[in-house]
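Dear colleague,

Please find below the structure that I am handing over to you, together with its sequence.

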Amino acid sequence: MKKRYTWGVISALLLSLVMTSGTVVESADTKAGQVETAAEKTTIARPAASDLAAMKVAAENESLALYFNEETTEVAVKNKKLGTTWYSNPINREQDAKASGYNKSILGSQLLIQYSDSSGKPQQYDNFNQSIKNKQYEIKELNDGIQITYTIGEKTKGLDEIPQFISEERFQTLILDKIEDERKRKDLEKRFKYDEEKKVYERRDAAFKGIGLSRVLELFAEIGYDEKERNIDREAYSGGKLSEQAEFVLPITYRLEKDQLVVNVSTEQIDSDLFHLQKLAVLPFFGAAGADRGGYMFVPDGSGSLIQLNSGKLDAAPYMTALYGKDSSRIALSNPLQNRVARLPVFGMKQENEGFVAIIENGDAIGNIEADISGRTNSYNYVFSSYELSASEQLTLSGNWNSQTVSRFQKQAYQGDITIRYGFLLGDDATYTGMAAYYRNYLAEKYKLTKLQEEEETPFNLELIGGITKKKFFLGIPYESYEALTTFDDAQAILQQLKDKGVNRIHLRYTGWFNGGVDHTIPRSTSVDGKLGGRKDFERLLDYAADHGIDVYPDAGFMQVYRDSWGFRPKKDGARYMTGKVAQIYPYYAANYMEDKSVAPDYVLSPSKLSGVVDRFLQDYKKYDSTRLSLRDLGNELHSDYNEKVMITREEAKRLAQNQLSKIDQSVSGLMINGGNAYSLPYADSVVNAPLSNSAYNLTDEAVPFYEIVLHGYIDYAGSALNMEDDQDVQSHILKALETGSNLNYTWFYAKSSAVKETEYNDLYAANYADWIDEAGSAYKEVNAVLRKLRNKTIIDHAKLEKGVYATTYEGGSKVIVNYNDYSVTADGDLIEAMGYLMRGDQP
């Protein structure tokens, strides 16, 4: 009986045994032939142990050697310089006392897939049970690696292995001409009926029974009429539908590039009307760590999280998060507690004194990072990436007092490459700091990033809110009114007060300055809001800022349209759900996290319209003296468009966003990015609302400043506004800034706090500048005294010394130690007061 499992169960199964993935074994194996189809001679009942001695060398360069097992299709990569070896699958999985049956068999998989039939019924396959066991794969040797093409599906058996229809030419050349025994040839020919008009042979089903069927199958095996040839004949006479059983062709390619292993899976051959390949997991057991190994897994949750190996947290759910946050073109009637967005497509593992880091190069926009510890259904810890190739929504059909829920799938699955680049670390580099440094160097080399210039002071980030819309009433009739919270003259006054307090290096993000305030109309054109002072006062503010060394970043949103207004038609310009409806964004009730549909919705701009909007904005923006720009959502949000006429996957939307980021970057002298998703970083001079903590999932054990280690020295960054945080303890924010090397950030407005009462901006109640400016000035002086000479230095180490005590070491040797505890501690021989810090090395 065929077993079926939900994807959640499959994820829980992916654990580990007792093996050491860093085992080094010397081998002198040589390459096999050029291209071969795996012969159908034996069936692998269990994944066989496969260390280097059982493998052949598939490719080799100065740094790495790639090994391959032809029977199990496992690979291993040996780092010749570091002396370590990493395996695609656990080599001692046969001895796993925890796993059995199916749980043990999937340990031999390199690909896991979730698919649905047209009714939406979910099913699972893996490439071990549905391909490798039945020898349904082809091997192709490459100059720098190897490619294995898997046909994943239940093996064709019995009568289905005989073509129902086959052309006269193929029947003669591929079958009859290869049968030397005339008696056997005539016997086979009698079992088919020839159609003279169509020139086609049709199978006589009644002639293939018992011993007769067995003899023909043996004969086909002898002459080489295999699954590949059967598929050709099925496709030729079945309208392109090969089978009523699910079958997917997925090639996976392993290549060596310098000291890195590059893994690529192409989904271009996935095309089925009957089945929808929804999710694909790639190398779920690469580097899997056994129960006897120490170390941790790194996942990019917020600033970064560590999951200790073998932690025993089996009551916690396995870790899984989508990269770049939620897609607003997917229906979400409720919003769970806010989690930190995973903004970097990176994951990794440390085992004892060795480790690997994986960078997703293609497919990250549809990617998830998954991880779990040992002990559920086998004995392994694992971390890997999975990809949503085809999304679905539940659609309820009603009529005649009846209703039925059916699945609606996106029109076209993602058809492209999924590419993961693996790097290998050893010793002091095999840490989350080493992984972050590896990714930083990767970005710097790929995008030609340059380090920040040394300056006398570290930046102070300030967001000022210009205008908002406010509902008012006239004779009981509601209408929208414009409320000025910070005029341009008010902004200049605040900036001057800051300078008087010694805050000189200001990065000003001005939000709500044009087209109707914070929730501005679509920015196809720009008009400075008159109630803030109009264009004249706006340009006077820009002149003042330029004269006083202040960088002004006027803010604009492109991905989300805040009102149905002139220049935007939702049915034409808006993205759509899979149901065909225009995607809408509602706020959520704080009490139950359900949508609040009592207010007008915002809309999601279709990615196909983004280029036109950006072009017109940039053309109009030239009329101002501003040379900088703040992007509210272009580096913070990522949305699909499921419009069946012009469908755009999230991966395609990412590429479109990158194109616009590049265009904007070439048009202005400085870009401030809100959120800072990875694809936006090459264009950013500054990132605000960068993640400084994690989501504190139960399975994770520690938050680490991985994001900050990647950026520091190359891109300025600041976390969320200090005065908008739940934690109002300024000293704890100062310590966090010192630990992570981040700039302070505030959100203010000039008007009285009551100006936002009973508006959609109630969350700004704590943003009146007068309540914060003195405290901000003092906090900045403290942070600036430590960080002002470290701004262009990379972070070379970060470590937890003890509970609540962390040390951050910068390029050049300077070290900052912070103590979050409410008691004094001794660190590196020095006493650090409660909620205090210590600076070592070159003093600013």
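L475 has a relative accessibility of 75%, and it therefore counts as exposed, since the cut-off for that class is over 50%. Please note that this is a predicted model, and that every value in this message is computed from it.

L475 sits in the loop that connects β27 (467–474) with β28 (477–484).

D726 counts as exposed because its relative accessibility is 80%.

As for the protein chain as a whole, its secondary structure amounts to 16 helices and 45 strands. Of its 844 residues, 58% count as buried, the cut-off for that class being under 20% relative accessible area. Along the principal axes, the C-alpha atoms of the protein chain fill a box of roughly 105 × 70 × 45 Å. The radius of gyration of the protein chain is 31 Å; a compact globule with 844 residues would have a value near 28 Å, so the two agree.

With kind regards

How values were computed
Residues numbered from 1 in each chain as written. Predicted model: local features only at pLDDT ≥ 70, side-chain atom pairs only at ≥ 80, totals over all residues. Heavy atoms only, no water. Buried < 20%, exposed > 50% of the residue type's maximum accessible area, 1.4 Å probe, protein only. Helix = DSSP H or I, 4+ residues; strand = E, 2+ residues; numbered from the N terminus. Rg over C-alpha atoms; globule rule 2.2 N^0.38 Å.
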